[in-house]
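Have a look at the structure first, and then we'll go through it together.

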Amino acid sequence: MHSFTVLMSFLRDRARFLEEISQGIRLNDKVLSLLVCSSIFLAIYGAIIGSSNSWMQVIASAVKLPALYLVTIIICLPTLYLFGVFLGSRCNLKQYLALLLASTSVIGVMLFAFAPIVLFFRLSIKSYEFFKLMNVGLFAITGLMGINLFYKGIMLLDQHDGKSNSRTYILRGWLFLYGFVGSQMGWVLRPFFGDPDSKFQLFRQLESNFYLHIWEIISRAIGGG
């Protein structure tokens, strides 16, 4: 319950929460609480989108969706931190981690808010391609919300360094890298949905890439194929 209390405090007053991160206040508590809450909300959403296949896919997707965001953080965090150090930032690794988990928590909460709608469409439509495309759109929307919060948090940290604009271009480049790695990581860990007409697969053979696959889904949806 304490973790959810921290999360609700963050959601109700994000400016104060980000200010506390910039000042290094109770970082261990924030990191642990945000990690727990984001994992739970993402796991619930993963279970819903995995229900299009089987109970095994439900469990697999409930594990893989939180893993997708956390592994992406692990891969991209060292680059963010070391570039920050090189450019004169005084922020420590834990502050960056807290900001990334805060943005992931926003994504998890927003996906959880969409969960009843997604479940409704899951039960009321038969088009697997439409269901996938709808969820990709929701992932994109919630991802932008999380990135926007992270960007504001980094700008606040930079203000405390007295360099509010000096690392803007580097940060934007890193955010692009973060989104690129996250989308490709999702492709590596697929399936999250599981074709209802196919047998359960924990992972699929690597082929093509995420962006070509989305283009194929859109083409099939438009063409009705």
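Helices here are DSSP runs of H or I with at least four residues, numbered from the N terminus. This is a predicted model, where local features need pLDDT of at least 70 and side-chain atom pairs count only at pLDDT 80 or more, while totals for chains, interfaces and linings use all residues. Residues are numbered from 1 along each chain as its sequence is written, and side-chain values use heavy atoms, with hydrogens and water left out.

Now for the pockets. A pocket is an open set of points on a 1 Å grid over the protein atoms alone, with protein on both sides within 12 Å along at least five of seven lines, and its lining residues have an atom within 4 Å of a point. Its volume is the space filled by probe spheres (1.4 Å) set on the points. For sorting residues, Ala, Val, Leu, Ile, Met, Phe, Trp, Tyr, Cys and Pro count as nonpolar, Asp, Glu, Lys and Arg as charged, and the others, Gly among them, as polar.

| Pocket | Volume | Lining residues by type |
|---|---|---|
| Largest pocket | about 910 Å³ | 21 nonpolar, 9 polar, 5 charged |
| Second largest pocket | about 200 Å³ | 7 nonpolar, 1 polar, 2 charged |

Which residues lie nearest the centre of the largest pocket? They are L68, F139, G182, S183 and F210, out of a lining of 35 residues. α4 (55-86), α6 (128-161), α7 (168-189) and α8 (210-223) each give at least two residues to that lining, and α6 has the largest share, with 9 residues.

α6 turns up again in the second largest pocket, where its 4 residues are the largest share of the lining. α2 (14-23) and α5 (93-124) also supply at least two residues each. Among the lining residues are L11, R14, M110 and K152.

So how do α2 and α5 sit against each other? Their axes (lines fitted to C-alpha atoms over the stretch in contact) come within 9 Å and cross at roughly 160°, on a scale from 0 to 180 degrees between N-to-C directions. That makes α2 roughly antiparallel to α5, because the angle is over 145 degrees. In this contact (heavy atoms within 4.5 Å), L18, I21, S22 and Q23 of α2 meet Q95, A98 and L99 of α5. These residues split into 4 nonpolar, 3 polar and no charged.

α3 (27-50) also packs on α5, at about 30° with the axes 8 Å apart. That makes the two roughly parallel, the term for angles under 35 degrees. Their contact has 20 nonpolar, 6 polar and 1 charged residues.

Definitions and conventions: Angles under 35 degrees count as roughly parallel, over 145 as roughly antiparallel, 65 to 115 as roughly perpendicular and the rest as oblique.
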